[in-house]
Amino acid sequence: MAILDVLYTTVYLHSNSRTKIDYLYNSKDKDYDVVFLGSSRVNNHYVPKIFNDQGYKSFNFGITRSRLEESALMLQLMIERNYKIKNLILQVDLNINTNDHSEAIRSLFMPYLHQSKTIRDFYRPIPEYNALLYIPFYRYMHYDARIGFREMYNSAIKKPTNALEHDGFHPLRTNQIPLVPADLSKYYPKRNIAYEEIKALCKKNNINLIAMTTPMCMSTINRDYFNHIHKVYPEIHNFENAVTEDKYFSTCGHMNEAGAIEFTKIVFKAFFKPKVHP
């Protein structure tokens, strides 16, 4: 088990093309004008090319299914890896509904548990921490579906995924017709521990934090949810109505490629000015 643990870990320490987390961990000294963090509502909604074409260096680190807890750890790792970040655009909308984590995304940090003090400190409070840290190969068995043999093998042969294409932006090119309304009736925003950590990290490291909500289709049930967000955190910018036409949505909760382009242009115009002439 110890030999397998060393083998798997060695492979992951030399992989940087499968996920945004292995790309992040196995890089250092990156310099970005703008970094995007959040869930699929970042992964599918922000187009770095629009920023890059205006003279900015940007990358979309949004990960589908991630929550604010994972975004906080990614920011910590960026700082650990000596990233220089001027602006962080953070999605804070549906993900502020809970202080819970994403088990699927948590697993992607586990290959680096022994090597990174940042990851160890972050996960020290979880109940299974000692087993994950001290029992050889346990973390690879526990999270076999995400970092088990198949993923290790694909990492070993350096089989790439599309996660890093388009500077991290993943376009949605199919549309649900008709759109099925999203129901936010059971959602209620609350103070979020990870969001507070991100704010503190940005302040400490002189990163300009731009936290914002992102669009949902107009037929969404209980759109008043977004008004409650601003009562809890008034500094969060209101962009849930930035794009409203159904033609811009792949599903009620996710914009298609055309919608993402339209939205990114609106965000750029709201906070930035071109560095170069288009």
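Helix 13, spanning residues 225-232, sits mostly under cover, with 6 of its 8 residues buried (under 20% relative accessible area, 1.4 Å probe, protein chains only; helices are DSSP runs of H or I of at least four residues, strands are E runs of at least two, and both are numbered from the N terminus). The buried set is Tyr225, Phe226, His228, Ile229, His230 and Val232. All this comes from a predicted model, where local features need pLDDT of at least 70, side-chain atom pairs count only at pLDDT 80 or more, and totals for chains, interfaces and linings use all residues. Residues are numbered from 1 along each chain as its sequence is written, and side-chain values use heavy atoms, leaving out hydrogens and water.

Leaving aside residues up to four places away in sequence, Met216 touches, among others, Arg41, Leu94, Phe226, Val243 and Cys252 (contact means heavy atoms within 4.5 Å). Pro181 is 35 residues from Met216 in sequence, with 9.3 Å between their C-alpha atoms.

Zooming out, the protein chain holds 14 helices and 6 strands. Its radius of gyration is 19 Å, close to the 19 Å from the globule rule for 278 residues, so the chain is as compact as a globular protein of that length (the radius is taken over C-alpha atoms, and the rule is 2.2 Å times the number of residues to the power 0.38). Of the 278 residues, 53% count as buried.

Definitions and conventions: Buried means under 20% relative accessible area, exposed over 50%, partly exposed in between (1.4 Å probe, protein chains only).
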